Amino acid sequence: MNESEAIFHGRIKQCHVQRERMAELISYYQQGNAILLSSTEELTDLQDALEQDKLNFSNDMVIDMIIEYVQQQRDDNDFGQILQKLKIASIDDHCSPGLAYPKYSDDSYYIEISQDISKRMRLLGDLLAVLFMLEESLQSDEEQALSVLLQASRQRYLEGEEFPPAYNIAQLLMAKCDQQYGDNFTDRYVAYAREIYEMAMAFLIGHEIGHHFYGHTVQKPALGEKSQIAELKADGFALDFAFCYLKSAYFNENHVYGIHMFTGVYIPLLASQQLCNNIFLGTNSHPALITRLVGVQRGLHKIIDESAWRETQHYRNTLCQLIDFPLNSIQN
């Protein structure tokens with residue numbers, strides 16, 4: 001094993017994303033900066049269970065779960081070979097959302113995912129989940145709780161703060177609603193947020209796997225138009241990958257899926273906004289972020305029916321208004 005491979009394997013072994021997040025949550029609580037709706041004993045037990053967790057493809061349980069479901073759905077020999085030899089590291093020192101490396105000497109396909117973009121996707125997905133909850137039939141107390149949660153979620157995303165005071169207040173209000181009405185209010189919100197994040201992560205890792213699939217890591221496209229086209233092709237692959245995950249993980253005979261899941265594929269690109277100096281300008285290697293967003297929108301339009309597509313537009317546009325993401329140039 002050469003030096004770069006050793007470093008990569010070390011990253012996977014040293015960091016278990018969910019275990020570290022759990023430790024961070026307990027630390028926030030002990031400092032008085034977060035509210036726990038579970039006991040510290042329960043969280044500690046969960047942390048101990050995570051210590052024993054074995055991950056096959058990465059250091060992130062969500063990534064492993066996504067890959068395993070996609071393996072069950074897609075019957076493609078070339079694609080299957082990539083997944084069998086895939087290793088993904090979620091790391092905290094990467095300046096881009098993701099990076100697909102050239103094939104290593106052990107015949108493995110390596111990918112790195114930025115923990116910062118993962119966090120931003122999660123916080124943005126939480127915000128989007130509130131928008132879907134607000135469309136449900138709710139009690140007045142639940143609407144009030146969601147109103148507080150909406151502002152807190154917006155603050156969390158824009159400022160990158162996990163537990164602002166308003167977020168803790170929203171959690172308490174939601175817990176009181178659960179006790180009063182017994183309608184799984186908080187659980188429904190958590191389900192929306194989790195499923196949105198899963199689709200977002202499926203798109204993000206699907207994009208990097210797409211670079212391996214199309215051979216972009218074997219023969220790197222020339223900077224300029226060819227490189228930009230390669231990125232758009234990887235986005236198209238990512239969309240197919242995300243829907244493979246959706247059909248496998250949430251299979252039902254009628255093939256009916258929530259609009260929130262379709263909308264989740266916008267999240268990685270929207271969350272990349274702060275990495276761009278100007279979303280309307282491309283670089284030598286990547287097309288403009290707005291161009292990529294249009295491409296995903298067109299791909300989504302081909303997959304889902306007209307009514308569902310209009311709904312995804314509505315939620316995407318509302319979300320963009322909340323995070324000050326300009327959409328004036330996108331043709332709906």
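Visitor: Why is Tyr214 called partly exposed?

Guide: This model is predicted, and its accessibilities are computed. Tyr214 has a relative accessibility of 35%. Buried would require under 20% and exposed over 50%, so Tyr214 counts as partly exposed.

Visitor: What makes the pair of Tyr214 and Phe237 edge-to-face?

Guide: The ring centres of Tyr214 and Phe237 are 5.9 Å apart, and the planes stand at 80 degrees. Rings pair if their centres lie within 6.5 Å, and planes over 60 degrees apart count as edge-to-face. The pair is therefore edge-to-face.

Visitor: Where in the chain do Tyr214 and Phe237 lie?

Guide: Tyr214 is in the loop between H9 and H10, whereas Phe237 is in helix H10; 23 residues separate them, and the pair links distant parts of the chain.

Visitor: How do you know whether Phe237 is buried or exposed?

Guide: The relative accessibility of Phe237 is 2%. The limit for buried is under 20%, so Phe237 counts as buried.

Visitor: Which residues bring H5 and H9 into contact?

Guide: From H5, Asp78, Phe79, Ile82 and Leu83 take part; from H9, Ile209, His212 and Phe213 meet them. The residues of this contact comprise five nonpolar, one polar and one charged. Helix H5 covers residues 77–84 and helix H9 residues 185–213; they pack at about 115 degrees, with axes 11 Å apart. H5 passes H9 in a right-handed crossing.

Visitor: How many aromatic pairs does the whole structure hold?

Guide: A search finds 12 aromatic pairs. Among them is the pair of Tyr69 and Tyr245, with 5.9 Å from centre to centre and 75 degrees between the planes. Planes over 60 degrees apart count as edge-to-face, and this pair is accordingly edge-to-face. Tyr69 belongs to helix H4 (residues 61–73) and Tyr245 to helix H10 (residues 225–249), 176 residues apart.

Visitor: Why is Tyr245 called buried?

Guide: Tyr245 has a relative accessible area of 1%, and buried means under 20%, so Tyr245 is buried.

Visitor: What makes Arg156 buried?

Guide: Arg156, in helix H7 (residues 140–159), has 3% relative accessibility and therefore counts as buried. A polar atom of the Arg156 side chain lies 2.8 Å from the backbone oxygen of Glu162. Arg156 also touches residues including Arg122, Asp126 and Tyr167.

Note on methods:
Residues are numbered from 1 along each chain as its sequence is written. This is a predicted model: local features need pLDDT of at least 70, side-chain atom pairs count only at pLDDT 80 or more; totals for chains, interfaces and linings use all residues. Side-chain values use heavy atoms; hydrogens and water are left out. Axes are lines fitted to C-alpha atoms, for helices over the stretch in contact, and angles run from 0 to 180 degrees between N-to-C directions. Helices (H or I, at least four residues) and strands (E, at least two) are DSSP runs, numbered from the N terminus. A crossing is left-handed if the near helix is turned anticlockwise from the far one by less than a right angle, and right-handed if clockwise. Contact means heavy atoms within 4.5 Å. Ala, Val, Leu, Ile, Met, Phe, Trp, Tyr, Cys and Pro count as nonpolar, Asp, Glu, Lys and Arg as charged, and the others, Gly among them, as polar. Buried means under 20% relative accessible area, exposed over 50%, partly exposed in between (1.4 Å probe, protein chains only). A polar contact is a pair of N or O atoms within 3.5 Å; within protein, one must be able to donate a hydrogen and the other to accept it, and residues adjacent in sequence count only if both atoms are side-chain atoms. Rings of Phe, Tyr and Trp (its six-membered ring) pair if their centres lie within 6.5 Å; planes under 30 degrees apart count as stacked, over 60 as edge-to-face and the rest as tilted. Lists of a residue's contacts leave out its neighbours within four places in sequence.
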